[in-house]
Amino acid sequence: MRARTPHTVFGTALAAAGALAGALLLPVGAVPAAAANAVSCNVSYSTNDWGSGFTANLTISATGTSAINGWTLTYGYTGNQTLTNGWNGNWTQSGSNVTVTNPSYAATINPGASYTTSANFNYSGTNTAPTAFSINGTPCGPQSSPTPTPTPTPTPTPTPTPTPTPTPTGTPTPGGPAPALHVVGNQLQDATGHTVTLHGANRSGAEFACVQGKGIFDGPVDQASVDAMKSWHVTAVRVPLNEDCWLGLPNVQSAYAGTTYINAIKAYVALLHQNGIDTILDLHWTDGVYTGNSSACTSATATCQKPMPDAADAIPFWRSVATAFKGDDATVFDLFNEPYASRATGSEASGWACWRDGGSCNGIGYQVAGMQSLVDAVRGTGADNVLMLGGIEYANDLTQWLAYEPTDPLHQLAASWHSYNFNACSSSSCWASQIAPVAAAVPLVAGELGESDCAHGYLDSLLPWLDQHGISYLAWTWNTWDCSSGPSLISAYDGTPTAYGAGYKAHLASLG
């Protein structure tokens, strides 16, 4: 939602998908030199299939009493499957043979543990799943998972069948410490390899109160308020931030800026983590004069939502935030709240280019920090936190997210999607055609969702769809504002729900 003034609103990349043709045993010449070090292992294989391409998910399990230290996975296809890109591993293809080596951050698989690496392929014709895999030259498995049946219609729209997951899934029970998160394929997983699906709320305030001279938060951020969240089964809280307040720029009162602001955010994050709640820190309000299409304010300072973050301050902001939370993988970084670059530049293509590459963007009078530069700023500090990237049109449009996905050396990127009843993509058909392909390729977090009618009819249709696809979500917002002026979950900080909040609370309770 466009924040307050409190809040922030609003939202054809084709994930490569398909089924696989029958596999061959790799020839002896393809066995890596590490074959001399035999391992005890298993490989599970599953795909997301759309008929012209597919995402392959391969989970390696160490089934013996010794760890697998350094691994090379090899297998083959008999069809024309062609590798397009891979993650959580170094993927190469030679003819029909595929080789994946461990990334530097996941070289060891301990006894009883598993690791998932994934890739996208294109293909045409008949496809059958591979039947033979090797790790360091030792045959392993496989245990193939069934491929979802494609739709009978001649469209690339994925079926609503959720991605088969090779690891246990579930929602962590609040009660510390919060699980550290990392990306494996299209999942968020904890340190034990269990899939984590976040269910939570936004806690608006820190993006606007400080720059308006009203304090740092809007309402309490104490244990009692966290207990109220826990009673709703909240497992994640998204905290919008203001770059001017964090950086202590002159336009912010010193009582609410710089070290004071930073320490307040750190203390709140620590409290949430102690209660088992993961956090998402979101860059919400930024600098730069913008008076073009959909302008929210004319100020050069961080007093409203801008179409894209400014390079002058957003990059130092993320370097500082990343340094402050480096090593805390229970904190996710949402790099920019709701980009609307296409409205400024005049077209979707130029909007997506501005989104990724930044620099001088048509219609925007300041130097833009593109998503690639923000990823680089975080990684330059040594922080390995999961990074969320919202699409264009106020994070509601993800159609070219995969095509413009920035490069991350750690492969720890997640897509952020915002969904409200007044957005363009607010129907199940749009979710299936535009959102499901992205969720099949990378973790997808609905960082904001809600509706403008103080009811929950939209959530009643959206939430089951998100659950079916294993997508995390956080409702807007845990603040006691008039529900008729924006989606507010509560009427009191003891957790008393609004009519809108009652529907969300009931749904979270139904998840068990």
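These legends go with a few close-up views of one predicted protein chain.

Some ground rules: residues count from 1 along each chain as its sequence is written. Because the model is predicted, local features need pLDDT of at least 70 and side-chain atom pairs count only at pLDDT 80 or more, while totals for chains, interfaces and linings use all residues, and side-chain values use heavy atoms, leaving out hydrogens and water.

**View 1. The chain as a whole.** Here we have 11 helices and 24 strands (DSSP runs: H or I of at least four residues for helices, E of at least two for strands, numbered from the N terminus). Of the 512 residues, 58% are buried (under 20% relative accessible area, with a 1.4 Å probe and protein chains only).

**View 2. Around histidine 284.** This residue sits in strand β19, residues 278-285. Why does histidine 284 count as buried? Because its relative accessibility is 0%. Its side chain makes polar contacts with the side chains of aspartate 282, at 2.4 Å, and asparagine 337, at 3.4 Å (N or O atoms within 3.5 Å, one able to donate a hydrogen and the other to accept it; residues adjacent in sequence count only if both atoms are side-chain atoms).

**View 3. Helix α4 and its cover.** Look along residues 311-325 for this helix. Its buried residues include Asp313, Phe317, Trp318 and Phe325. What covers the buried residues of α4? The cover includes β18, α2, α3, β19, β20 and α7.

Terms used: Buried < 20%, exposed > 50% of the residue type's maximum accessible area, 1.4 Å probe, protein only. Expected span 1.5 Å × (residues − 1). Contact = heavy atoms within 4.5 Å.
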